[in-house]
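Reader: Hi! Please walk me through this one in plain words.

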Amino acid sequence: MDTTLSETQRLLRDSVRDYLRNEVPFDRIRELEREGGADQPLWEYLQGAGYLTLPFAESHGGEGGELTDAAILLEELTRRACVIPFLETTASARAIERHGDEALADEVVRGVIGGGVTIAPALQGSTPDNGAAPRVASGALTGERRFVDYGAEVSHHLVEATEDGEPGLYLVEARGEGVTTDSLSTIARTPLAHCTYDGAPARRAGGAEALQFLRRAGRALCAIQCVGNAQQALDMTVEYVGMRVQFGRPIGSFQAVQHHCANMATQTLGARFLTYQAVWRLDQGTASDRQIAKAKALASRAGTEVTMQAHILFGGIGYTEEYDLHFFSRHGKERALAWGSADECLRLAAGTLDEVQPWR
């Protein structure tokens, strides 16, 4: 595959980057972290500018684009430390659109494009969380899910649950009857919730195929966020070492510093190639759990190791929370754990080593 962005994709990236640089200052992100909640004005801008239509089919009011287009937008949002459920809503709506009931898919996608519907996936983690696994009986959902990103801020939850022993996805109104959300804190200081369902009305949104696609899309897009945090930390570091003077010269002129920057760039670029390839494969319908797990593992390592190396090169100023680098080290660590840590993803990939892999 060719990972070079098309002219249209470059225009998309540059226009979003310019808007975020001018209209979303980091002080606004700090205020959101203090107060809690998502950035509703930013979400309204994305809706008004048509960005929410990117990955959806024209038959549902979308632009007929690809998940790769949404990934480009997501990376720019990540590089500005934006606090909005873009990944969660996009992955959930795409899963319903591809594998759910046509009428529900049309309703959900048009709701997302219109700005009124936001969705948080409420899935079982890679290890048991000792909660009551959600079950559906007669259209009512009972159980709980922990560590749900933006669980208290979105309009709907897309819950992994079983009905008559069969797994599937069920759409629940987040502020509806029988739903309780308790906010949790994270290292990234972004919204997280423990969600409890007590007979909540639920609509079936897809079966095992929809659940599999949601896991793959969420993991691949989360890898994009890891890459975005690493790339931003790298760019900030290169700029800083070029202007920070010590011993009468910029510290970026010292070979040891150059070696560190080169290692950071190599790690970020490698993660970028593998991650965007995973998203592209999802668009083509050729993605496997193994491929996406490898991409997420490499991106998770980049999201933590590159940002930590940035702190070392920044020195003392990099360790103050008032400095913007902290956004990306904190968010990078949190995203490295979300949707499967590096170790979890490598275990998943290792479990397929005995499978015959086609040469392509």
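Author: Let's start with a pair of helices: H7 and H8 cross in a left-handed way. A crossing is left-handed if the near helix is turned anticlockwise from the far one by less than a right angle, and right-handed if clockwise. Helices (H or I, at least four residues) and strands (E, at least two) are DSSP runs, numbered from the N terminus.

Reader: Before we go on, what kind of model is this?
Author: It is a predicted model, where local features need pLDDT of at least 70, side-chain atom pairs count only at pLDDT 80 or more, and totals for chains, interfaces and linings use all residues. Residues are numbered from 1 along each chain as its sequence is written, and side-chain values use heavy atoms, with hydrogens and water left out.

Reader: Thanks! At what angle do the axes of H7 and H8 cross?
Author: At roughly 155°, and the axes of H7 and helix H8 (residues 255–284) come within 9 Å. Axes are lines fitted to C-alpha atoms, for helices over the stretch in contact, and angles run from 0 to 180 degrees between N-to-C directions.

Reader: Are H7 and H8 roughly parallel or antiparallel to each other?
Author: H7 and H8 are roughly antiparallel to each other. The cut-offs are under 35 degrees for roughly parallel, over 145 for roughly antiparallel, 65 to 115 for roughly perpendicular, and oblique for the rest.

Reader: How do the residues of the contact of H7 with H8 divide?
Author: Into 18 nonpolar, four polar and two charged residues. Here Ala, Val, Leu, Ile, Met, Phe, Trp, Tyr, Cys and Pro count as nonpolar, Asp, Glu, Lys and Arg as charged, and the others, Gly among them, as polar.

Reader: What does Tyr197 touch?
Author: Not counting residues up to four places away in sequence, Tyr197 touches several residues, including Ala122, Leu141, His157 and Val179. Contact means heavy atoms within 4.5 Å.

Reader: Let's switch to H1 and H4. How do their axes cross?
Author: The axes of helix H1 (residues 7–23) and helix H4 (residues 67–79) cross at roughly 25° and come within 10 Å. H1 and H4 are therefore roughly parallel to each other, and their crossing is right-handed.

Reader: Which residues make the contact?
Author: Among them are Leu12, Val16 and Leu20 of H1 and Ile72, Leu73 and Leu77 of H4. The residues of this contact divide into six nonpolar, two polar and five charged.

Reader: And at what angle do H5 and H6 pack?
Author: Helix H5 (residues 86–99) and helix H6 (residues 102–113) pack at about 155°, with their axes 8 Å apart. H5 and H6 are therefore roughly antiparallel to each other, and H5 passes H6 in a left-handed crossing. Thr89, Ala93, Ile96 and Glu97 of H5 make the contact with Leu104, Ala105, Val108, Val109 and Val112 of H6.

Reader: New topic: what is the phi of Ala81 near?
Author: Near 60°, a positive value in a residue other than glycine. Most residues other than glycine have a negative phi. Ala81 sits in the loop between H4 and H5 and is buried, at 1% relative accessibility. Phe147 also has a phi near 60°; Phe147 lies in strand E3 (residues 140–149) and counts as exposed, at 55% relative accessibility.

Reader: Where is Thr190?
Author: In the loop between strand E6 (179–184) and strand E7 (192–201). Thr190 is buried, with a relative accessible area of 14%. Leaving aside neighbours within four places in sequence, Thr190 is in contact with Val83 and His331.

Reader: Last one: where is the place of Gly252?
Author: In the loop between strand E10 (249–250) and H8. Gly252 is partly exposed, with a relative accessible area of 22%. Gly252 and Leu313 are 61 residues apart in sequence and 9.5 Å apart in space, C-alpha to C-alpha.

Key:
Buried < 20%, exposed > 50% of the residue type's maximum accessible area, 1.4 Å probe, protein only.
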